[in-house]
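Let's walk through this assembly together with a few questions and answers.

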Protein chains: 6
Amino acid sequence: MKQIVTFGEIMMRLSPPLNYRLEQASALEVTYGGGDANVAASLACLGLPAAHVTCFPDHQLGRAAVQQFRRLGVDMRHTVFSAGGRLGLYFLEVGSALRASTIVYDRFDSAFAKLDPAAFDWEEILKDAQWFHWTGITAAVSASAAQACRDAIKVARRLGITVSADVNYRRNLWQYGQRAQDVMPELVEGCDVVVCSEGDADDLFGIKADEGAANKFASMAEKLMQRFPQIKQVIATKRKTQSASHERIKGMLVEAGHGYQETQYYDITPVVDRIGGGDAFIAGFVYGALQLGSAEAALAFATAASALKHTIHGDVNLATAAEVAHIVAGNTTGRLLR
Amino acid sequence: MKQIVTFGEIMMRLSPPLNYRLEQASALEVTYGGGDANVAASLACLGLPAAHVTCFPDHQLGRAAVQQFRRLGVDMRHTVFSAGGRLGLYFLEVGSALRASTIVYDRFDSAFAKLDPAAFDWEEILKDAQWFHWTGITAAVSASAAQACRDAIKVARRLGITVSADVNYRRNLWQYGQRAQDVMPELVEGCDVVVCSEGDADDLFGIKADEGAANKFASMAEKLMQRFPQIKQVIATKRKTQSASHERIKGMLVEAGHGYQETQYYDITPVVDRIGGGDAFIAGFVYGALQLGSAEAALAFATAASALKHTIHGDVNLATAAEVAHIVAGNTTGRLLR
Amino acid sequence: MKQIVTFGEIMMRLSPPLNYRLEQASALEVTYGGGDANVAASLACLGLPAAHVTCFPDHQLGRAAVQQFRRLGVDMRHTVFSAGGRLGLYFLEVGSALRASTIVYDRFDSAFAKLDPAAFDWEEILKDAQWFHWTGITAAVSASAAQACRDAIKVARRLGITVSADVNYRRNLWQYGQRAQDVMPELVEGCDVVVCSEGDADDLFGIKADEGAANKFASMAEKLMQRFPQIKQVIATKRKTQSASHERIKGMLVEAGHGYQETQYYDITPVVDRIGGGDAFIAGFVYGALQLGSAEAALAFATAASALKHTIHGDVNLATAAEVAHIVAGNTTGRLLR
Amino acid sequence: MKQIVTFGEIMMRLSPPLNYRLEQASALEVTYGGGDANVAASLACLGLPAAHVTCFPDHQLGRAAVQQFRRLGVDMRHTVFSAGGRLGLYFLEVGSALRASTIVYDRFDSAFAKLDPAAFDWEEILKDAQWFHWTGITAAVSASAAQACRDAIKVARRLGITVSADVNYRRNLWQYGQRAQDVMPELVEGCDVVVCSEGDADDLFGIKADEGAANKFASMAEKLMQRFPQIKQVIATKRKTQSASHERIKGMLVEAGHGYQETQYYDITPVVDRIGGGDAFIAGFVYGALQLGSAEAALAFATAASALKHTIHGDVNLATAAEVAHIVAGNTTGRLLR
Amino acid sequence: MKQIVTFGEIMMRLSPPLNYRLEQASALEVTYGGGDANVAASLACLGLPAAHVTCFPDHQLGRAAVQQFRRLGVDMRHTVFSAGGRLGLYFLEVGSALRASTIVYDRFDSAFAKLDPAAFDWEEILKDAQWFHWTGITAAVSASAAQACRDAIKVARRLGITVSADVNYRRNLWQYGQRAQDVMPELVEGCDVVVCSEGDADDLFGIKADEGAANKFASMAEKLMQRFPQIKQVIATKRKTQSASHERIKGMLVEAGHGYQETQYYDITPVVDRIGGGDAFIAGFVYGALQLGSAEAALAFATAASALKHTIHGDVNLATAAEVAHIVAGNTTGRLLR
Amino acid sequence: MKQIVTFGEIMMRLSPPLNYRLEQASALEVTYGGGDANVAASLACLGLPAAHVTCFPDHQLGRAAVQQFRRLGVDMRHTVFSAGGRLGLYFLEVGSALRASTIVYDRFDSAFAKLDPAAFDWEEILKDAQWFHWTGITAAVSASAAQACRDAIKVARRLGITVSADVNYRRNLWQYGQRAQDVMPELVEGCDVVVCSEGDADDLFGIKADEGAANKFASMAEKLMQRFPQIKQVIATKRKTQSASHERIKGMLVEAGHGYQETQYYDITPVVDRIGGGDAFIAGFVYGALQLGSAEAALAFATAASALKHTIHGDVNLATAAEVAHIVAGNTTGRLLR
């Protein structure tokens, strides 16, 4: 089977144990993650061949990060090690009940942000791929990262590879002198599947749902597909966050020519780790698109995968395909399996 | 006071901390448990004299297991150490919310399964006992374990000791060439108190509740007592599992000549550890039968003990009799005790 | 800004990890706390200048305790180190669901209980203070501790400093030969703000709410202010404990001439640590009284602070003023903050 | 085989992990120990029937301490639980290289110190015993503890049981108004085997080695046996402490009528835990006296046991008799055993 | 570059933290290792392409083991997952000073022991290989494992691949009805490089060094090469174990036609983990043979690699080629590298 | 007593537990340190009033760092919190035996490096100071940090405050466009006491010991004092590193007009943590200069302090003055202190 390839930065995540505050921690738990790498890793856990492309500093920390994704089965062969730059970090303090989780990012000047686009031979990287996925965060990090993304999408298009994007607009990341509103449209133009919330559509593309629309998401998605005709599917999760310990999520999909679908809400309490819930959704959707018969089945699989992710520590959804299918089949009471 | 004696295998339990998956764990927490040993240990914690009879390999692991039950006050004097066989293990991954807990058993070829029935002098072991308890798992493990069980029940009957059994049918354990349906009836015949679910009654004895019975459990239990006239009480818990983190349980009892009784449901959220909840129920019932005035009081005590067990880490209910009585008295809001 | 000064014993708290029982713990987590010191520390975290006055044994444990409060920004300059006496301790076992948390105190004969009142130069200590806070526990510990408290209140009154007290009656602490009912009235007489529940008012002062009063707390508080005319505000939290893992709390206030106010209930599940919830409430109220415009705002701030404390490990509320204000503003769903 | 019975206080030991200082520890490791209880526990690990007699407060901590000695196989049946008093504690900071380990004791007013001598029925306790062991620390703790010790020795003498003592003089423990020099001689008078250093002999009994004696220990021991004719053996270890991480120890023995013997030095580096090294020596000597043919063999076994103890965490020597014999046989290079 | 391929069982290793005894551990640290897999993993860390071939049970534990070797960069593509059998385990208690480390094996009936030789397509597996390495342990485990080994060697020979073996005779492993003395010669016959101690040569092949030989190892090795003419190099490490915490090792080599060479001794104190020291030596030798100019350089590299391994936790030598070269260059004082 | 004030960057230090490699760590231990801050903290532990001046990012990490130095008693009042920049980090992997410890720095673009020199009001900061200490690392970090250092020294000189410097040349830190050789002389000119090795003197000032000098250090130091006449004392430690686990150190001093002195070597094995050993030496020397009678006594105290530091975890020497004096008095065998 051909690979799914993702591209983007991987950060070290440092987090106090349990619900401790950063100032209380005498040790910080170490995991690694990144919006796109999490998709590759989740796909590898689901059993599909996945590769991730990134750039690391050439020292112990970069090598440790490679090891953790290789452990999960991600093909890390294409990693570029560069002499300059650091490993991006983020510090996560996990909240509880009405206390929010908080993140302190420490990712500027990373090796990834300083990457040389010419270091990636996309023809070679994508020659055995069937799907390429990227996120708006990569485009936000630096001009060179955005350029590498542009290069990859171009090659992918030429090779007839499906392209997906999580547009994921984070205002305070865009600091390299270009506006997201100028950079993103060109990149999104080349995508077949897009993850996009109503807020992102407005912020990035000035696309708003119709005032009186019964279904705001569907209205936005239809307009998005009109603007970018290559896009065939717009997907998203909807969260009803009850507390830092209790989430409710459902999946939504608008397919060109087939309209809107959604799943039931999943109720998750207590939440073990909500980071990467969206990435698990995307990986589930890619899995479904490639392995299951219908968009409806893909959406159901994606949403169950995202729900399961909330019960798993770290950025990556470690669930197997059988475990996700078990949830899709309605086994949500967590009955002991011997 | 005379002893309660139990018989069966003790396994080492290896479990990742918190809700981590096995593949994430750099260390596994070690505890020890077994369906019948848990009953003895819970009884010791409740303050009654309890002994457990088992067989261990003669090395550090066997000795470590003895230590942990001795710590809780169980008389382990009758342990047989054998040169052959290993210590049975099980790996427990604790789920959360909609993710189920899972168990990987690694118990074949244990010293217990390979025990020599002649190594147990039941006349000696039971000479100061008032109650003998065993489980269907012991009968499932090997022909020699089943034989030792048979021997023990026979001696217990002759000495006028109360015999109880948790029939606990686990299909995939029965691999030594005999069928549970052939082995179990003879053993159950000698019992005064039996823990049996409707499913087990059907699978093991072909006993089904009457089609139209208002109370399926009561119907099954009456038939079971007709088939095995020695049985005077059939008990069980009923679980309404809400999620891996949320259980609801009640206790049920049918007494020969006194009909059906049940308790209210206890609501337990979050669940700390559900393993051994049934064993805690049995220990509570034995305690109640010996120390309290009525079957009703025993059932109430047993159910409260089982509920409390769900809040305690490990296989064994460490609650004292006073703590269980506190719950029976209605103190279920967990108000801080200074 | 002038300091808030608190006075009282600090104990080492030893607690098994997670929900383990004391007998299961191979290590105990160490924190430090005391009803009044927690108020000073919470105020320091909120950004106000706070000092705590106490007495420690002159060895590593006393120094370690000083360090932990100094870390949080509390001025510990006035600590008296004495050759005699020990460091008070308490052992906390954290319950779950229907299993209660339990505390074993080991605080008798502490250096604090044996303090020499003459060792504290209150004129010097309070010369830059604007508020003095003490609790009924200090008065309960020993005659000399009560005397030091009496001295401090007297100096505070003379210097025109606001005095607050948490009357906090703990029957089994009063063992030095005087009755709380004889000692406390004289001390409370000098207070401007008092934390007092209906039970405490009855036990300590024989004050009962009117039989038919619609609002028992308000009725009691009015009577308390009549008895002690210096008191201008009586405050308290009301807990509806659902389980050891789930609390509901609201704040209540009666102000001389302005009557009764209360907040909505906060629902906190799961509870991380309920110890110090009342102290966080008091610190929040002091903050509000000094920094916000109205008693209503102070009550709202105090109650939100107390709710947040339940999500934070240890005796002390580590929340910043911005975090508490975030809750007061209605952000109680714990939405991730990047 | 008849029991060896020991009597004395058991304390909870709280210690930072590794070589951390107390002020650095966010958790303290919990073990339990006491000079005489360690002897009983070491003997149980060596395979002999051992019982320990003590007094605990009647709450979770006392029960937890009982569990830990019961775990090791010590008969704790005779434990007296008393309503008054606390559990004695000690805080141990483990040094390294030139930094000394330090202990902060917190044992005053313990349930043991406050014991009622009448609560111990020594006739019953010692009826199946062959050996009784006590230490000078017990006599130091309180008048009632010294009295219980006196009672026990008297009954032991009458029953013809061997009595041993570790005289262990700790000046700052003697605070109950009597002098060690007045209390100890009467107690030591009834002993057959005594552990006594030259310093202790001088401090307690005013016995000094002859000025010009070639062997100071032998000279002192001979005089001690002259003063107390019941004593047949005087033993001790000699330490040449190189650093907190490196000890050298040998064993010494003077036997009435047989003169002086000593072993070679054992070199132990790194030291895992030196606490209880002397108690392991005594347990080894008792084992040797009862199981091996000669005083020489007993001394060799005792010294090897003490050396092994330095490699084992906690107060108690967990070595089996086979492991000690392995060392006695000269296997001191720690070659891997598969 | 072509792969180095190894074949053999991987076990889960469970070990108490630090120097704790098994009975003291409330958690066991988990790593994975196997004599041949360690060689592959060490080579991957040194930067060469390495693959390991093995058989695991098809459940979480097998998958976790795959992950850990994949993490280190070992190609695990050829892993066979089988329905039957368990994951082999071993329990390691790490000694200190004169207390030996001990291992309790629990590896019988593993999926590997029960492997089906036909499940391995050696033509395919070895088609891109340049070196094949196996150990005597694999031949000891079961007839089918020995058969798979035989198959592999045969294919390797035909493909012109270098074959190496660590003959590693463990008497108590050989329990499947065939004698090592009958099985091993045929397998060793096909090897180019052999790791063999004098003891193993005697036990397995009846080869003894000449009585009066100045160099026993050289004498044995010459005879071994005479018996098995395919062998061109016989290598081994010599240990002078000082204590469980202190090793001294050197490397030895006899090369057909070039005689004996040895390195200086390395002094390693303290030893962090001695398991896998021999496997690190072999990996170092393979690296040297392929990357460095001479047998002398290979031997020096191998011995330094083995010395470094003793400072690294786990079975596998995680050192990079640069780190080993740093030691070879004489930098053995461990000076801080910034 | 007047304060000792230090100035420089504080970094978060992240380190795997024990001797694990970075890639093996699932959690990293967190401490904080900086060459100059360590001096202030060590002085505070020795009992002198110390203040540290630095700049942190205005988020949780900066606040956590402040807390840790405040905990040790350092006056952190003058901390500047800036909106820009990050918290500098370093990753420390602790070696063992022949494996070196390694550090990966991640400190570029820190808030400290980006500090605004105008943000520090040195007149105010130094008004109650008697000593100012800085290091060459501060001058290396950025032009603005060097400028702040220059400002501080100028004010210190004017106020008649003693100035000391650890010249500490780290080539790869100097990346802001100026050469150390140009920046440092002007700064060192204003110093009374300088820590300087022969290598640093050559690299920074082109000062070499006389070719044939019997004492190279003395020769270099004399020349240094000739070049910079303000300098009255040149001090340094000499390390003879035996292995990553074994250090030998002595102290050296040349005083204007009094010539060379040195201490005996201290032998430290095992080393717990060598980071900050030089800073502990300086703090010890400052303590000695202010509290003890002679340069000789100061040197002895400084060297003992440095030796003790090697046995303490973290960057800071937590030893009290009494503990250092205990070592100076010759108590280096680490005998247990009760």
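Q: Which residue of chain A comes closest to the rotation axis?
A: This is a predicted model, so the distance here is computed from its coordinates. Going by C-alpha positions in chain A, the closest approach to the rotation axis is 4.7 Å. The residue there is A:Pro270.

Q: How are chain A and chain C related?
A: Chain A can be laid on chain C by a turn of 120 degrees, with a shift of 0.0 Å along the axis and an RMSD of 0.0 Å. The two copies are therefore related as by a three-fold rotation axis.

Q: Do chains A and C meet through the same or different surfaces?
A: The contact joins 21 residues of chain A to 19 residues of chain C. On the chain A side there are 7 nonpolar, 10 polar and 4 charged residues. Only 5% of the interface residues of chain A are also interface residues in chain C, so the copies meet through different surfaces.

Q: Which strands are the edge strands of the open sheet of 8 strands?
A: The sheet runs in the order 8(B)-7(B)-2(B)-3(B)-3(E)-2(E)-7(E)-8(E), with mixed pairing. An edge strand here pairs on one side only. That picks out strand 8 (102-106) of chain B and strand 8 (102-106) of chain E.

Q: Which residue stands opposite B:Tyr90?
A: Strand 7 (residues 89-93) of chain B pairs with strand 8 of chain B in the antiparallel sense, over 5 bridges. In strand 8 of chain B, the residue opposite B:Tyr90 is B:Tyr105.

Key. Residues numbered from 1 in each chain as written. Chains lettered and ligands numbered in written order. Predicted model: local features only at pLDDT ≥ 70, side-chain atom pairs only at ≥ 80, totals over all residues. Pairing = 2+ DSSP bridges. Helix = DSSP H or I, 4+ residues; strand = E, 2+ residues; numbered from the N terminus. Contact = placed C-beta atoms within 7 Å. Nonpolar A, V, L, I, M, F, W, Y, C, P; charged D, E, K, R; others polar. Least-squares fit on C-alpha atoms with pLDDT ≥ 70 in both.
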